[in-house]
Amino acid sequence: MSDIVEKTLTALPGLFLQHQAAGGSGVPRVSVSSRLGSLIRSITALTSKHEEEKLIQQELASLKATVAAPNTTLRLMKECMVRLIYCEMLGYESSFGYIHAIKLAQQGNLLEKRVGYLAVSLFLHENHELLLLLVNTVVKDLQSTNLVEVCMALTIVSQIFPREMIPAVLPLIEDKLQHSKEIIRRKAVQALYKFHLIAPNQVQHIHVKFRKALCDRDVGVMAASLHIYLRMIKENPSAYKDLTGSFVTILKQVVGGKLPVDFNYHSVPAPWLQIQLLRILGLLGKDDPRTSELTYDVLDESLRRAELSHNITYAILFECVHTIYTIYPKPELLEKAARCIGKFVLSPKINLKYLGLKALTYVIQQDPNLALQHQMTIIECLDHPDPIIKRETLELLYRITNAQNVSVIVQKMLEYLQQSKEEYIIISLVGKIAELAEKYAPGNEWFIQTMNAVFSVGGDVMHPDIPNNFLRLLAEGFDDENEDKQLRLYAVQSYLSLLEIENALYPQRFLQVMSWVLGEYSYLLDKGTPEIIITKLYRLLINKSTTSETKAWIMAAVTKLTSQTHSSKTVEKLIQEFSVSLDTCMRQHAFELKHLQENVELMKSLLPVDKSCEDLVVDASLSFLDGFVAEGLDQGAAPYKPHHQRQEEKLSQGKVLNFEPYGLSFSSTMSSSGCTGRQSPAGISLSSDVSGNSAETGQKETNSLKLEGVKKLWGKEGYLPKKENKAGSSPELQPIAQDSTLVENVDQMIMKKDQSQALHHSEEEAEKQRLASTLFVGLGSESAVSLLGKTDTVSHKFRRKSKINDTKNREVTSTHNINCSSFSPLSNAPYEDNDHLNSFQDKEDIGLKKCSLGSEFLESGLKSESLTELHLVENFSACSLSPPSLFEDNSMEIFHPPHPTLSSFANEISLTSSLLEELNEHVHSDLVELCNNEMLKVSSCKIWKDDCLLLVWLIVNKSSLELKNMNLEITSTENFKILEHPGFCFPVIEAESTKSIQHHVQMEKLFTEEDLSGCVKYKVEEDPYIQLEFSITLSLLDFIRPMKICTEDFGKLWLSFANDVKQNIKISDSQANLPFALKTLQQKLRLHIVDIIGNEGILACHLLPSVPCLLHLRAHEGMAALWFRSSCSTLPDYLLYQCQKVMEES
Amino acid sequence: ERQRQPPRPSQPPLLPAAAPLRFPLVPNGRPAHQSAGCLPKSEDTQQQIIRETFHLVSKRDENVCNFLEGGLLIGGSDNKLIYRHYATLYFVFCVDSSESELGILDLIQVFVETLDKCFENVCELDLIFHVDKVHNILAEMVMGGMVLETNMNEIVTQIDAQNKLEKSEAGLAGAPARAVSAVKNMNLPEIPRNINIGDISIKVPNLPSFK
């Protein structure tokens, strides 16, 4: 008490002064308050929006002057705030007043403070920066001895409060939980609820206090704490099962009327509290028989007590029903609940009917028979004048849709859709129709027509997945080739007839779908030459309402069609017209078409018929230009430098005074190296004669070019027409569910019943009955009802085939032509230890889904094939023991101790003790069997010596005969250089003995992976030569070695290298830890970690024999900025690729 | 309470976390003029929501249900508009799926009855001329988007006390208003909950009971 008095006394002088000021300004209260009144009156007297604007702007201007004036009293300020609130409410911005609202909350007396807080809560939003200024005021008020101030502070906290400032007030609010006044405790709980919402972690430690609040002797506090519990239980029901008993007890007391009468609403005890508790019990009892057991009694009691006297009892009943159907079911309760639902559905009150439908929608999953009971009501609701009721009914029907009633239900939905204008409704309904159509379509015509309706109505607002899925379904087809054909044919026909119609306007998306289908599948038409279709498309193309995106689709279709025709006047005309188009894209397409048309053969091979499902191979590294580039370089052209490098050089040229001798002195710090990079003389003397063309852009694209689903026709570089040869695919058979027999019995019963009733009804009634029997056909039998979320158990009419299946059965021989990047996906690793044919096919499958990077170095199709053949010969069990290797086919185990699997080869290895020594001395790969027949086996092993790559070939004579004139020859290629003579000859290999040969290999030309192949020839006795071929894959990494240098040397080297590549890549969380990421690179790429400075790391390596490459890596917010420099122009690109691969995998 | 959706982190900036979206009072005729709002933030969006809501609500017939499924503006299918029509006034609450529809309908009723008690026969003009008071009453019922109090007597008690405070300030124009109001307000929460409006102003003796 004493401090209050003290406070009061200190406040007095200020208050007097304030009052004088107010008096001085001479604004009496009456006139102030009437200003808002007169403002409102004059506004309501206005007749136009324009006048209103003018008036408000005037008002705002005068308000602005008033609030900014130094002598404005707080009381006047309060009045201004009310007017500002009014102006804001009308939609006029008054941000100049925000700061004054905060000031008012800070300085005003209770009333003014209240208005200040109110204005703040209305003006500002959660993330507004001014909100921070409010924190101090809130802290002060929370500590106030005046309860009203505390209440106001708690209220504003629960309305808006900056998340980052929670710690400042949290202890104060926690204290308030023990406050003697229940209203304070109540508001404190509410404020904590708010904190729990915006920053759950910060209030975790006070969960115990929530429990206390739940047991508070004041009902209001307990009720407030239920908000928190409802929320927390929703997130994690299992953590609060122990509270079930408490909630049940509370509910029992509430239902039993133990609360003060005060809490009654229309003589129902605390209905909102009951609703809250029922929801909590529902969440707790879900799928939990034991918890549910506890609640049965009180639910029964609630149902019994809820006499239907008032709206609010329906609210409780509805909640009861919801809970009963949510928790573990108890038959008697379900029965009662079902009766309750009946009361809702049959109620003449429209609100209750709505809720009844909602309840039905919910319980239909458990009890489809309930829908049958109420079918007539449902039918009536379908024609209800209230669109909300109609929509809820459709939602219900959507959930009982099956193959038999789909057409009626979709029909109803389309009818609704046609009357609906709201975008939101169109989007959701169109999505549902598309889903049902795809799942249950009774026939091709119906499906196509339904989808046509969907596209016409859904137009450009529908979810883009819908047309995409549709096209994909058409393209990938389903189980039966014939069906596929008919569906496509029908689609083509229906689109043609749609385009027939004069002046019909279709949404752009629909036009896109049409043009794609026409382009792909019009060949199915018997008659009708492409010319006719091209003419139609041409008409679309010149239509003014067609957007340029759609035009691109149409152009693509025309291009496809042109390849099927010989010559077309329309195409000529089109080319002529569009090669002068102002739209550069169209012009580009026209030129492409023109050139393609000149070479019919090429065009046909580029645009084969019906190959839309094949994956495209994109040579993203543009390797086909290598020759051109090399030629250019030979003739003295400067090597290509990426944009950032050029810019950097320009920058450094700007600083002219950077003379050589000083250049190195500040090179040792990484940060400066970026801008001081200079062109080194080494830049010209390329150590490799391959193209200086940077593959950087190409590699970026490997991440994005996943061509799934709808074929991507147009890429950055324009049309991407290259296609693969199609390999035979044998579709899986998907039996269509034949669950209809059971269903039909039930249907017949229903229909009989219906018919007997129908005799007494009027024509109209009969009509409804008919509708009912079509709608509810198939219901009542569990198996026939398709429930949302259980759809997987129902077989789909149009079932999408997975791509994997599609490709699984490709013949291996076809892989010859497919430059797939089988080295790229991590998912290949598990297959590594499985050398059955299948695994290679699987690998191909995955590989096929990726775009290959530069066919030049990716002859992996070839490789796989040869490996496959080899493995067909004999199942080489030893291999299957080796663990998944990161480097796939080469089976490298880098920096591993000699591997246990090696023991299986021990007998062989022991024969060559010198080899064994070598193996132990150096890092080496597992022994891999390369080829094999009944006489002989060739295996090989890579030894990564510090200065070279050593390939060891082991030739084992398994037979009991002598092998003579054994020759081993390595095919020479431009990529490798074998230091020794590539051939080797053993005059004789004795029976059951092993010989070894070693070759030192050097890389001649950069590649990512390349095969080294060779053959062995031998004679047995005097028979002719027998020849065995083999090949082994070498990767760039086989030739990379760590380069051990110090930071200073790194800095010097860095500056001297001109070729650099920069790229940002995403890194996973585990790699956010920089040392870990570096470790990964060290282990997998054999880079040497030179130094780690903060979030930057530098690494170095060299390519044998001695081409250095440096890497600077900076990790920042889930991204790693990689920056390579090397004296070789192409090495950085190759390494970057490897880095990306490794980072993605780990 | 019912008004607001619990914040969902994934939600677009349209509806900032936990911002109570309440827009009661949309009288007929000129929607923007008379609707009060504490809406999701950007000024334009607020106005658009009010306009759209008014548009949706005002064209409803009498014999249809009081629930409206939300459009994209109010955050999609999880949110509903629940409205009640009193003479020329529409009271509209926007709620998410965690609220009971019928419960909200009656909450609106409680709100209106409370307004009626506080303004003694409330009329449209009261709500327009005393926007701030309406907000304060609502804040007693609904705090941070959650129902705080549904007990009409309790709400009226709180509001009455505040009104007295205002009157006393007005009446004591020359006195140190702040000191007076501070003392007067001390009693506010003292009222036992199960007693209907007590004589608040005499309860001063209880002061020492709290620090």
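Everything below comes from a predicted model.

**View 1. Ala270(A) sits in a loop and has a positive phi.** You'll find Ala270(A) in the loop that runs between β2 (268-269) and α14 (271-285) of chain A. Its phi is about 30 degrees, a positive value, even though the residue is not a glycine. Buried or exposed, what is Ala270(A)? Ala270(A) has a relative accessible area of 5%, so it counts as buried.

**View 2. Asn121(B) is another non-glycine residue with a positive phi.** For Asn121(B), phi comes out at about 65 degrees, and this residue isn't a glycine either. Look for Asn121(B) in the loop between α3 (101-119) and α4 (124-129) of chain B. Asn121(B) counts as exposed because its relative accessibility is 63%.

**View 3. Glu174(A) and Lys209(A) pair up in a salt bridge.** Their side chains meet at 2.8 Å, N to O. This pair ties together distant parts of the chain, since Glu174(A) belongs to helix α9 (residues 166-176) of chain A and Lys209(A) to helix α11 (residues 207-214) of chain A, 35 residues apart. Glu174(A) has 11% relative accessibility and so counts as buried. Lys209(A), with a relative accessible area of 26%, is partly exposed.

View 4. The side chains of Lys330(A) and Glu332(A) meet at 3.8 Å, N to O. Why is the pair still a salt bridge at 3.8 Å? The cut-off is a side-chain nitrogen of Lys or Arg within 4 Å of a carboxyl oxygen of Asp or Glu, so this pair counts. Lys330(A) is partly exposed, with 26% relative accessibility. Glu332(A) is partly exposed too, with a relative accessible area of 47%.

**View 5. A salt-bridge network brings together residues of chains A and B.** Which residues are linked in this network? They are Arg186(A), Glu149(B) and Glu154(B). Over all chains, the count of salt bridges comes to 27.

**View 6. Helices α22 and α24 of chain A cross at roughly 20 degrees.** The pair to look at is α22 (residues 406-419) and α24 (residues 444-458), whose axes come within 11 Å. Their axes cross at roughly 20 degrees, so α22(A) is roughly parallel to α24(A). What is the handedness of the crossing of α22(A) and α24(A)? The crossing is left-handed.

**View 7. Phe624(A), Leu625(A) and Phe628(A) form a nonpolar patch on the surface.** Together the three residues have about 350 Å² of accessible area. One of them, Phe624(A), sits in the loop between α32 (600-606) and α33 (626-634) of chain A. Phe624(A) counts as exposed because its relative accessibility is 58%.

**View 8. Ser925(A) and Lys942(A) are 17 residues apart along the chain.** Their C-alpha atoms are separated by 5.3 Å. Ser925(A) falls in the loop between β5 (923-924) and β6 (928-932) of chain A. With a relative accessible area of 2%, Ser925(A) is buried.

**View 9. Ala119(A) and Lys78(A) are 41 residues apart in sequence.** In space, they are 9.5 Å apart, C-alpha to C-alpha. Ala119(A) is part of helix α6 (residues 110-123) of chain A. Where does that residue stand, buried or exposed? Ala119(A) has a relative accessible area of 0%, so it is buried.

View 10. Read along the sequence, they follow the pattern β-α-α-β-β-β-α-α-α-β-β-α-α. Chain B has 211 residues, and 64% of them count as buried.

Notes: Residues are numbered from 1 along each chain as its sequence is written. Chains are lettered from A and ligands numbered from 1 in the order in which they are written. This is a predicted model: local features need pLDDT of at least 70, side-chain atom pairs count only at pLDDT 80 or more; totals for chains, interfaces and linings use all residues. Side-chain values use heavy atoms; hydrogens and water are left out. Patches are made of residues with over 30% relative accessible area and no salt bridge: like charges are joined within 9 Å, nonpolar side chains (Val, Leu, Ile, Met, Phe, Trp, Tyr) within 5 Å. Accessible areas come from the Shrake-Rupley method with a 1.4 Å probe; for residues, only the protein chains shown count as cover. Helices (H or I, at least four residues) and strands (E, at least two) are DSSP runs, numbered from the N terminus. Buried means under 20% relative accessible area, exposed over 50%, partly exposed in between (1.4 Å probe, protein chains only). Axes are lines fitted to C-alpha atoms, for helices over the stretch in contact, and angles run from 0 to 180 degrees between N-to-C directions. Angles under 35 degrees count as roughly parallel, over 145 as roughly antiparallel, 65 to 115 as roughly perpendicular and the rest as oblique. A crossing is left-handed if the near helix is turned anticlockwise from the far one by less than a right angle, and right-handed if clockwise.
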